[in-house]
Amino acid sequence: MVVAGALNAQTIEEAKKRTDNERYELAAKDFRTLIQASPTNGELYFFQGDNYLKADNIDSAKIAWKTGFTVDPTNFYSIIGAGKSLWYSGDTTAGNVKLDEAIGTAKKKNPEVLRQVAAPMIYAPIKSLNRAVIILNQAIKIDPKNVEGHLLLGDAQLEI
């Protein structure tokens with residue numbers, strides 16, 4: 001039965017694509033299946049949390065991010081998730097510490113980390129738009145062809 005469940009499980013990329021296509025319930029099911037198969041993979045909890053966030057279920061998002069950090073505390077996605085959880089809870093000071101830790105873990109050379117770190121600074125109720133712009137400009141310098149970085153930068157600049 002476990003093998004059959006694993007065969008039906010989607011990949012993380014497919015689950016993320018369902019989130020992007022606003023198929024939140026299907027993505028949530030995919031993430032649950034993936035997590036059941038790999039319960040200590042912090043990246044899965046991170047993207048599960050993002051799925052919940054986009055579905056306007058912030059409490060579940062924070063739980064997923066906190067769980068990811070608990071089971072995989074050295075994964076930079078887990079560290080970002082812990083920072084996002086704090087940021088969305090209103091503790092931007094502690095959130096910044098975790099987000100800076102994630103940048104340090106990735107050695108500032110991973111544009112995906114930079115984009116993920118900047119996102120809560122733009123979209124959370126408490127914003128840090130100028131810092132997000134600085135971080136996103138670093139991400140774009142590293143990976144100028146990535147559309148997501150430009151979209152995030154545009155969202156941040158629109159809010160300023």
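Aspartate 100 forms a salt bridge with arginine 131, the closest N and O atoms lying 2.1 Å apart, where a salt bridge is a side-chain nitrogen of Lys or Arg within 4 Å of a carboxyl oxygen of Asp or Glu. Aspartate 100 lies in helix α7 and arginine 131 in helix α9 (residues 129-142), so the pair ties together parts that are 31 residues apart in sequence; helices are DSSP runs (H or I, at least four residues) numbered from the N terminus. Both partners are partly exposed, aspartate 100 with a relative accessible area of 38% and arginine 131 with one of 25%, on a scale in which buried means under 20% relative accessible area, exposed over 50%, and partly exposed in between (1.4 Å probe, protein chains only). The model is a predicted one, in which local features need pLDDT of at least 70 and side-chain atom pairs count only at pLDDT 80 or more, whereas totals for chains, interfaces and linings use all residues. Residues are numbered from 1 along each chain as its sequence is written, and side-chain values use heavy atoms, with hydrogens and water left out.

A search of the whole structure finds eight salt bridges. Helix α7 (residues 92-105) also holds lysine 98 and glutamate 101, three residues apart, about one turn of the helix, and these two form a salt bridge whose closest N and O atoms are 3.2 Å apart. Lysine 98 counts as buried at 18% relative accessibility, while glutamate 101, at 34%, counts as partly exposed. In helix α8, glutamate 112 and arginine 115 are likewise three residues apart, about one turn of the helix, and their salt bridge has its closest N and O atoms 3.0 Å apart. Salt bridges that share partners join Glu112, Arg115 and Asp143 into one network, within which arginine 115 is buried, with a relative accessible area of 6%.

The largest pocket has a volume of about 550 Å³. Of the 21 residues that line this pocket, the closest to its centre are Asp20, Asp50, Lys54, Gln116 and Glu148. On a 1 Å grid over the protein atoms alone, a pocket is an open set of points where a 1.4 Å probe fits, with protein on both sides within 12 Å along at least five of seven lines, and lining residues have an atom within 4 Å of a point; points are joined across faces, edges and corners, and the volume is the space filled by probe spheres set on them. Helices α2 (12-20), α4 (42-54), α6 (76-88), α8 (111-123) and α10 (147-159) each supply at least two residues of the lining, to which α8 gives the most, with six.
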